[in-house]
Amino acid sequence: MKKKKPVTKPQRMVIPTLDEMDDPPPDLSAYRILIFGRKAVGKTSLMAKFPGLAVGMLERQRKGLKIRKVALKNWDDCREFRDACLEDETVTMVGLDTFDVLYDHCLTYECRARGIEHPGQMKDYGATWTAIKDSLNEFLDSISEAGKG
């Protein structure tokens, strides 16, 4: 005859005490930061305040700002820029101006790789949309994990 295992009650959720809270890093460069706003309100100017910044310019070039910038015209350019920034020790923060164009470049690349114009053309239960999301997340995560944005 097998012995029955004693029934154990699930542990109750415990809220950490004030002494057990995590201390967030005081340096802003430890965080992924999104600067959002209308055109020409100073988003890139604010980004330029971070030392060691390199900006991937996905829209028209900004004039009148003393920043290290590289024009990015497609997803291959974006990945090459990212890789160069990760290798360059003088780059301590990577900026991307603007995110919506970065997303469009990623979407275009993933669609062309599948021979389509738009993910909605595929009847793949969202696999193409997932590939776009995964590609973009890998791109952004690699910058964050390097401590550069």
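H3 and H4 are oblique to each other, a label for angles that are not under 35 degrees (roughly parallel), over 145 (roughly antiparallel) or 65 to 115 (roughly perpendicular). Here helices (H or I, at least four residues) and strands (E, at least two) are DSSP runs, numbered from the N terminus. The model is a predicted one, so local features need pLDDT of at least 70 and side-chain atom pairs count only at pLDDT 80 or more, while totals for chains, interfaces and linings use all residues. Residues are numbered from 1 along each chain as its sequence is written, and side-chain values use heavy atoms, with hydrogens and water left out.

Back to that helix pair: the axes of H3 and H4 come within 9 Å and cross at roughly 130°. Axes are lines fitted to C-alpha atoms, for helices over the stretch in contact, and angles run from 0 to 180 degrees between N-to-C directions. On the H3 side, the contact (heavy atoms within 4.5 Å) uses Phe99, Leu102, Tyr103, Cys106, Leu107 and Glu110. H4 brings Trp129, Ala131, Ile132, Ser135, Leu136, Phe139 and Leu140. Sorted by class, that makes 11 nonpolar, 1 polar and 1 charged residues. Nonpolar covers Ala, Val, Leu, Ile, Met, Phe, Trp, Tyr, Cys and Pro; charged covers Asp, Glu, Lys and Arg; the others, Gly among them, are polar.

H4 also packs with H2 (residues 75–87), at an angle of about 20° and with the axes 10 Å apart. H2 and H4 are therefore roughly parallel, and their crossing is left-handed. Trp75, Cys78, Arg79, Arg82 and Leu86 of H2 touch Ser135, Leu136, Glu138, Phe139, Ser142 and Ile143 of H4. This contact has 6 nonpolar, 2 polar and 3 charged residues.

H2 and H3 meet as well, with axes that come within 8 Å and cross at roughly 115°. Trp75, Asp76, Cys78 and Arg79 in H2 are set against Leu102, His105, Cys106 and Tyr109 in H3.

A pocket, on a 1 Å grid over the protein atoms alone, is an open set of points where a 1.4 Å probe fits, with protein on both sides within 12 Å along at least five of seven lines; lining residues have an atom within 4 Å of a point. The largest pocket has a volume of about 710 Å³, where volume is the space filled by probe spheres set on the points, joined across faces, edges and corners. Its lining holds 28 residues, with Ile33, Leu34, Ile35, Leu96 and Phe99 nearest the centre. Helix H1 (43–47), strand E3 (93–97), H3 (99–113) and H4 (127–145) each supply at least two lining residues, and the largest share, 5 residues, is from E3. The lining has 14 nonpolar, 6 polar and 8 charged residues.

The peptide bond from Asp97 to Thr98 is cis, with omega near 15°, and Thr98 sits in the loop between E3 and H3. Tyr125, in the loop between H3 and H4, has a phi near 55°, a positive value in a residue other than glycine.

Notes:
A crossing is left-handed if the near helix is turned anticlockwise from the far one by less than a right angle, and right-handed if clockwise.
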